[in-house]
Amino acid sequence: LINKGAIDAPFACTPLTTDVGSGFKVAPEEGIIAPGGIQTIQISFNATKLGWFAEDFQISVAGSPTPVILPITGNVVEPSLQFDPPELHFGDISFGFPYTRTCRLTNTSHVPVRFQLRVWGDGTQPAISSFEQIRRENDPSWRNGIHFDVKPREFTMNPSQGTLAPKEKQEIEVTLCSNTMVDFCQKLLVDAEGIYKGVASLTILARCRIPNLEVYPESVLCYDECLLKEPYEKKLYICNESDLPGCYGLVPQERKEDTPVFYSSPKPCGIIQPRSAEEMPIIIEVQKLGEHLTDVP
């Protein structure tokens, strides 16, 4: 605003009352401009409706019968985002192992878009990976399985949010760590900041499986004659003939007074890669005289 007069000019901006006009804010809303002075007015706009608009800002000046009119026009457009490819195929995945695939998110609109990613129906409690599992060798889940109070969050995205300039592209890493034995057909959704939910979507396909691990020797690990309460070690061999990695663990023993044989292992759990084998040392201590047969799960 420029005061071209010879005296001070007190001014005030009249608020707009239309649906579109309510999204405008003016700063400062009022003030006094000295003769020959200039006042910068900042106008911000938060759109709530799509389409073209035309509004007349009125600025009243004390002592002037005619307000100053500032026409403002524009076009509110909907954000437009697109995934490439439209589907992510993970194929067969192993329970508790994280797998990562990459997609690209493009802002195809003419305005910047702040986005946030989410997977429809995903849980809130972080999933447990096999790498975490083997660090908790005494966890009850080795005996009873993994249980959640709420549905696990099996998907993570990097980045999960950000801002894309017009025509800008962003590489997105999608990681799936399954804690449920299901076939996945999930939707990765993009929410744009404001009122736009699910501006774009991508289909995620996967099949969670547990590899069949075999133990050798299959029947009996014989220690022959042992001295009472002396440690003796022999080895089991765990084989994975599948195309998926597996997680194995020796179930912790509940030691009681009447237990005839105590067993343990310096390597009670681990990861076994596809088409490979791992050895597990088994140490026993016989607590009673006689012949004993103990199951080692």
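Trainee: Which strands form the open sheet, and in what order do they stand?

Mentor: Strands here are DSSP runs of E with at least two residues, numbered from the N terminus, and two strands pair if DSSP finds at least two bridges between them. In this predicted model, an open sheet is formed by 4 strands in the order β7-β9-β15-β13, with antiparallel pairing. Its edge strands, β7 (81-84) and β13 (155-158), each pair on one side only. From one strand to the next the twist averages 30 degrees, where axes are lines fitted to C-alpha atoms and angles run from 0 to 180 degrees between N-to-C directions.

Trainee: What should I keep in mind about the numbering and the values?

Mentor: Residues are numbered from 1 along each chain as its sequence is written. Because this is a predicted model, local features need pLDDT of at least 70 and side-chain atom pairs count only at pLDDT 80 or more, while totals for chains, interfaces and linings use all residues, and side-chain values use heavy atoms, with hydrogens and water left out.

Trainee: How many bridges join β9 to β15?

Mentor: Strand β9 (residues 98-107) and strand β15 (residues 169-177) run antiparallel and are joined by 9 bridges; within this pairing, T106 has K169 of β15 as its bridge partner.

Trainee: Which strands does β5 pair with?

Mentor: Strand β5 (residues 51-61) is joined by 4 bridges to strand β1 (residues 9-14), the two running antiparallel, and F11 stands opposite V61 in β5. β5 also pairs with strand β6 (residues 68-76) in the antiparallel sense, over 9 bridges, and there W52 stands opposite N75 of β6. The hairpin of β5 and β6 has 6 residues between the strands, and G63 in this hairpin takes a positive phi near 90 degrees.

Trainee: How is the protein divided into domains?

Mentor: Domain bounds come from an automatic or database domain assignment, and here they give domain 1 (2-76), domain 2 (81-209) and domain 3 (213-286). The centres of domain 1 and domain 2, taken over C-alpha atoms, are separated by 47 Å.

Trainee: Which backbone angles deserve attention?

Mentor: Most residues other than glycine have a negative phi, and most peptide bonds are trans. In this model the bond from A27 to P28 is cis, with omega near -5 degrees, and P28 is placed in the loop between β2 (24-27) and β3 (30-33). The bond from Y216 to P217 is also cis, with omega near 0 degrees, and P217 lies in the loop between β18 (213-216) and β19 (231-240). D224, in the loop between β18 and β19, has a positive phi of about 60 degrees although it is not a glycine. K229 is found in the loop between β18 and β19, and its phi is near 60 degrees.

Trainee: Is D224 buried or exposed?

Mentor: Buried means under 20% relative accessible area, exposed over 50% and partly exposed in between, with a 1.4 Å probe and protein chains only. D224 counts as exposed at 62% relative accessibility, and K229 counts as exposed at 52%.

Trainee: How many disulfides are there?

Mentor: A disulfide is a pair of cysteine sulfur atoms within 2.5 Å, and by this rule the count comes to 0. The sulfur of C185 has its closest cysteine sulfur, in C208, 15 Å away, so the distance is too far for a bond.
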